Amino acid sequence: MKKILYLFSSFCLLFISGCSSIDVLNPKGSQGNEQLSLIKLSIYIMMLVIIVVVALFIWFVYKYRARPGHQPFPRQENRNKKLEITWTVLPFILLFILAVPMVKSVFGEAQMDNSKAMKIKVTASEFWWKFEYPEKGVVTSQELHLPKDQRVVLELHSKDVIHSFWVPQLGGKQDLIPGRTNKLAITPEKIGTYQGKCAEFCGTGHSYMRFTVKVDSKQDYEKWLDHMKKDQSSGQKLSADETEGRKLFGKNCLSCHATSGLTGADKKGPNLTDFGDRDHVAGVLKNTPPNLKQWLKDPEKVKPGSHMPKPEGLSEHDYTALSHYLQTLKK
Ligand code: HEC
Ligand SMILES: [Cu+2]
């Protein structure tokens, strides 16, 4: 008996362990918290249904088991009003209990006052993210910086196909549709770094279309904004190697990448103003010099379908210089 129990519990653990890091169940924002309470309510209701059904099942299996002197089939019921009303009304009540708080939550969110909310324009392209702060005149990519306890309304746009914005711990999930502006509000409540991803299949690089949300204190967020407003191409002391990297960057990369975070300097590739502070290269690889070189040498290999072309005619030394220069782009 003990052995069976042990086997059964290890079997269950196997399943549970796969789910140990479900971010939706560990929210860090007010919308995420509200959604978790709705998830819990629906799980409790489903548990109740499962328990009743399983109990009835076991009881029936026992009651109608085959044994000598017993009819193999139970008496057939026809038009049992009491039963029919019961199994129509019960699910209705359960769905009603589920629907009321859900509808309340959806309409409550839609009626929230957004006059004090911060606006950020999010643009998704195959396979990266751009974040613009129109009130601050700043643009960045791949990493969204937010101050704690501030309601933010994200205006979602797409450059090409349908993408979907999703940061499980902050709540909500909203499509980005070409030619249309969708809105999604989030209010982060805890300082930290959260993973975001595209949640709608959008092409070969879809599963690598990740981004990071960094929630900071108000002061740290302001510091980051100040940094983004500085032009990184001037006033920095660079080593010989890094200076060479900067020259190569000007020649090969500046057509697509800006090194100033001001909105006017925005180009068609990701803005690289705070690249040295980013956790990832292209949202996929850890931001280390060897990984950066790997990306520069062949973006397509790291992220299939990537729209960054493979640079031509650069030597190993050039890649090193470029990667050293890019690491200097930070606070
Ligand atoms: C034709 C435009 C174009 C050119 C030229 C170009 N890139 Fe890119 N680059 C892109 C695009 C588009 C992406 C986004 C790819 C993705 O993530 O899907 C990108 C991504 C990157 C990233 C990752 C950014 C991040 O935030 O993680 C780095 C670093 C980068 N490029 C460096 C360079 C360097 C260095 C050069 C010059 C040798 C260069 N790029 C030339 C278009 C370009
Ligand atoms: Cu996508």
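Which element gives the most residues to the shell around ligand 1? In this predicted model, the answer is α6, which contributes 3 residues.

Two or more residues of its shell come from each of the elements α5, β11, α6 (289–297) and α8. There are 28 residues around the ligand, and those that come nearest are Cys 253, Cys 256, His 257, Ala 282 and Met 308.

Polar side chains also approach ligand 1. An N or O atom in the side chain of Arg 278 lies 2.5 Å from an oxygen atom of the ligand, and for Lys 303 the corresponding distance to an oxygen atom of the ligand is 2.6 Å. In the case of His 257, a polar side-chain atom is 2.7 Å from a nitrogen atom of ligand 1.

## The iron site

The iron atom of ligand 1 is coordinated by the NE2 atom of His 257 and the SD atom of Met 308, at 1.9 to 2.1 Å. The site has 6 donor atoms with angles of 84 to 178° among them, and its geometry is octahedral. For comparison, the ideal angles for six octahedral donors are 90 or 180 degrees.

His 257 and Met 308 are 51 residues apart and link distant parts of the chain. His 257 belongs to the loop between α5 (240–252) and β11 (280–281), while Met 308 belongs to the loop between α7 (299–302) and α8 (316–327).

Are these two residues buried or partly exposed? His 257 counts as buried because its relative accessibility is 11%, under the 20% limit for a buried residue. Met 308, at 21% relative accessibility, counts as partly exposed.

## The copper site

Ligand 2 is a copper ion, and its donors are His 163 (ND1), Cys 198 (SG), Cys 202 (SG) and Met 209 (SD), at 2.1 to 2.6 Å. The angles among these 4 donor atoms run from 91 to 123°, and the site is tetrahedral. The ideal angle for four tetrahedral donors is 109.5 degrees.

Along the sequence, the donor residues of the copper ion follow the spacing H-x34-C-x3-C-x6-M. His 163 lies in strand β6 (residues 163–166), whereas Cys 202 lies in the loop between β9 (192–198) and β10 (210–216), so this pair ties together parts that are 39 residues apart in sequence. Both His 163 and Cys 202 are buried.

Definitions and conventions: Residues are numbered from 1 along each chain as its sequence is written. Chains are lettered from A and ligands numbered from 1 in the order in which they are written. This is a predicted model: local features need pLDDT of at least 70, side-chain atom pairs count only at pLDDT 80 or more; totals for chains, interfaces and linings use all residues. Side-chain values use heavy atoms; hydrogens and water are left out. Donors are N, O and S atoms within 2.8 Å of the metal (3.2 Å for Na, K and Ca); water is not among the atoms, so sites may look incomplete. Four donors count as tetrahedral if all angles lie between 85 and 135 degrees; four count as square planar and six as octahedral if opposite donors are over 155 degrees apart and all others between 65 and 115; anything else is irregular. Helices (H or I, at least four residues) and strands (E, at least two) are DSSP runs, numbered from the N terminus. Buried means under 20% relative accessible area, exposed over 50%, partly exposed in between (1.4 Å probe, protein chains only). A residue is near a molecule or strand if one of its heavy atoms lies within 4 Å of it. A polar contact is a pair of N or O atoms within 3.5 Å; within protein, one must be able to donate a hydrogen and the other to accept it, and residues adjacent in sequence count only if both atoms are side-chain atoms.
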